Amino acid sequence: MTSVVRSSALTLALGYIALGLVALVLFAAPLWYAWQGTIREGRAEILQADAQRLADVYRRDGALALKNFIDARLRMRIAGDRTLLLADAGGHPLAGNLDGWPNVPTVPGDYRVKIDLGSKGMQTVLVHVAALGNYNLLVGRDNRLFAPLEERFWYGLTGAIAVLSIAGLLIGVITRRALMSRVDSIRQTVSAIIHGDLAHRLPTHLSDDELNTLSRTINGMLDQIEQLVRGVRNVSNSIAHDLRTPLAELRSRLEELALIRPPPEQAFSEVDGAVADVDRVIRIFDALLRLAEIDAGLRRSGFVAVDAADLAATAVEFYAPAAELKGIALNFRADGPTTVAGDPVLLAQALSNLIDNALKFTPNDGMIRVAVQSRPGGSVEISVADNGPGIDDAEKAKVVERFYRGDASRGTPGVGLGLSLAQAVAKLHGSALELSDLNPGLSVLLTIPADSAPATPPAADAAASDPARLAGMAATGS
Amino acid sequence: MKILLVEDNERVSQFVIKGLQEAGHTTDHAANGRDGMFLAASEPYDVIVMDRMLPGDIDGLAIIEVLRKAGKRTPILILSALSDVDDRIRGLRSGGDDYLTKPFAFGELLARLDALHRRAQGVNHEIPLTVGNLHMDPMTRKVSRGDRQITLQPREFKLLEYLMRHADQVVTRTMLLENVWDYHFDPQTNVVDVHISKLRQKIDAEFERPLLRTVRNAGYMVTAGE
């Protein structure tokens, strides 16, 4: 399991929390600064206005009147939180709620000082000092007046930080849990697959989120792998069958030879038979190697510009005498520009297999039509059509499988790899064989798309490692 | 012919040496790359049979490349278990003249060695070919047997030309596929035989002595001999 520190969900959550905090501070700091400035100015103004009012009393009615005014205000408790002090030049208090002139210069101006307010203790107070003739006047205001507001501001800020952090962490943890549970289900599926059960698939939902998209992609990959593995399994089963049969014949032939020790003439004919058996095995082997070579996609590097009509004409001409022998009319028609990007050797082999196949299944005096036509869009269509018995719909998908031999092919020569090789060649050229009914007969269509040239070059390491693998399979002779 | 066989597998070597001896050729044998390189460079051979994968640090292709760089033009047939088309191409590019995949039929090897040897002696594509009373003029593309003109399709002409250029030699089906049709794969069926029998109809049918003969388990031969 991933440690908490290394969980990507949590890391992300912590990152967002930090980002949120920075944003909060960025928002609060200038606000606080501006607010403090405004409050300070406002207070100074209020204090100045207070001082002005007291100064007016002094100028109008004299110092005694001011003293009485101050006393009256303090007595009537309309001074509020104000600190008032009227002192003479020597600093002796004449009126006010301070016991003596505090540690403030007697020069007029605004000051921020700590004053012992008696019952309230030492407090930071903003004071305004004014000179009135021989007297000094001090008007102050307890700074705590705005304290609740500031407190609330700080509470708010702290609260916001706390909510942000806790919610962020919580979301991080929950996301991590959810993610881990989904990752875990993927992990379990994958480990089931590792242990050989390829039928498992990752759970997917309808949504398009990242994990779901990934799961769907992985499922697609698994489908492909399962199909390939099944193909390999089928092939190995078929190899087992199709190679075993001639090998068994060969073995019994040789064993019998050793046992009976027949006269030389008969022995030699048996040896000839044995060589023919071996040749049959080698043929199957070669066909399989060729198929493996095509499937690996290695030959794409050998794509060149090749005229499909030329290849078809050669193939038709090659098979013409064989067709003639069966009384089959083998027609050929080419139409339009038919140059494609492809592998000439493999295309020739595919064409040859298709015609060979048609020849096998077309009755005597039948007809085979080979056509190469250019299609709109630049693709080229190669078709081989016969008027033989055709293929059942149910069998159409099977005939391109390796080693599959339909009921109709019983008793005909071949190992059942012809159509699958043609199919592999079609696939290599970015296409697939299309089998359709002609009633009677079968039409096999191989369309080479205009952009049959490989879109992505085959991986260099695959090209380097695969021949070695094939060599390993084939090296039994040396 | 004097032949050098560079092959490490003892069984295959014995089989090839014995076969070549029976066919009237003398064979030197090297079981590793070093000896092979030494013999190939120092002795005059008519043709060399080179296994591709050899024990030791020198493989067949490397030997061929060295020989070619040293100016040796001896025809070389590469014998290999690597059957990929690309392997074949690589082998021929390194300077080999022909490529035969293991396992092989001895007849195929012998026929190819004969063909290589003859090719190395130079082919004049303009000189008329004659086998018995069968004549072919590659320039005018006229074929006649005795005093009778024979009309051949272009491919039939090519087939007969190849057979006549290798007169008195066995030519295998694979050699015909490769050289007449340029088919480097096994078409699985006996189509070559059908072509041959069609050709035979045209050149042999009304004559007492057949020139185009089937060599059992090997291929075909055009010959005026017995």
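Predicted model: local features only at pLDDT ≥ 70, side-chain atom pairs only at ≥ 80, totals over all residues.
Confidence comes first. The model has an ipTM of 0.80 and a pTM of 0.61. For chain B the average pLDDT is 89, and 100% of its residues score at least 70.

Next, the contact between the chains. Chain A puts 30 residues into it and chain B puts in 26. On chain B, helices α4 (85-93) and α8 (191-203) each supply at least two residues of the side that touches chain A. The most comes from α8(B), with 4 residues. By type, that side of chain B splits into 11 nonpolar, 8 charged and 7 polar residues.

Now helix α2 of chain B, residues 33-42. Its buried residues are B:G33, B:G36 and B:A40. What do the buried residues of α2(B) pack against? Their partners in chain B are the strands β1 (2-6), β2 (26-30) and β3 (47-51), together with helix α3 (60-69). On the face turned away from the buried side, α2(B) carries the exposed residues B:F38, B:A41 and B:S42.

On to the strands around β12 of chain B, residues 219-222. Strand β10(B), residues 171-172, runs antiparallel to β12(B) and is joined to it by 2 bridges. In that pair, B:T172 stands opposite B:G219. Strand β11(B), residues 212-215, is also antiparallel to β12(B), with 4 bridges between them. Here B:T214 stands opposite B:Y220. The β11(B) and β12(B) hairpin has 3 residues between its strands, and B:N217 takes a positive phi near 65° there.

Last, the nonpolar cores. The largest has 106 residues, and which of them touch the most other members? They are A:Y319 and A:I355. Leaving aside neighbours within four places in sequence, A:Y319 is in contact with A:L330, A:I355, A:D356 and A:L359, and also with B:V191 from the other chain. There is a second, separate core of 19 residues, and among its members are A:Y58, A:A95, A:I115 and A:L126.

To tie two of these parts together: B:V191, a contact of A:Y319, falls within the residue range of α8(B), 191-203. That is where I will stop.

Definitions and conventions
Residues numbered from 1 in each chain as written. Chains lettered and ligands numbered in written order. pLDDT = per-residue confidence, 0-100. Contact = placed C-beta atoms within 7 Å. Nonpolar A, V, L, I, M, F, W, Y, C, P; charged D, E, K, R; others polar. Pairing = 2+ DSSP bridges. Buried ≥ 20, exposed ≤ 12 C-beta atoms within 10 Å, placed from the backbone. Core = buried A, V, L, I, M, F, W, Y, C linked by C-beta atoms within 7 Å.
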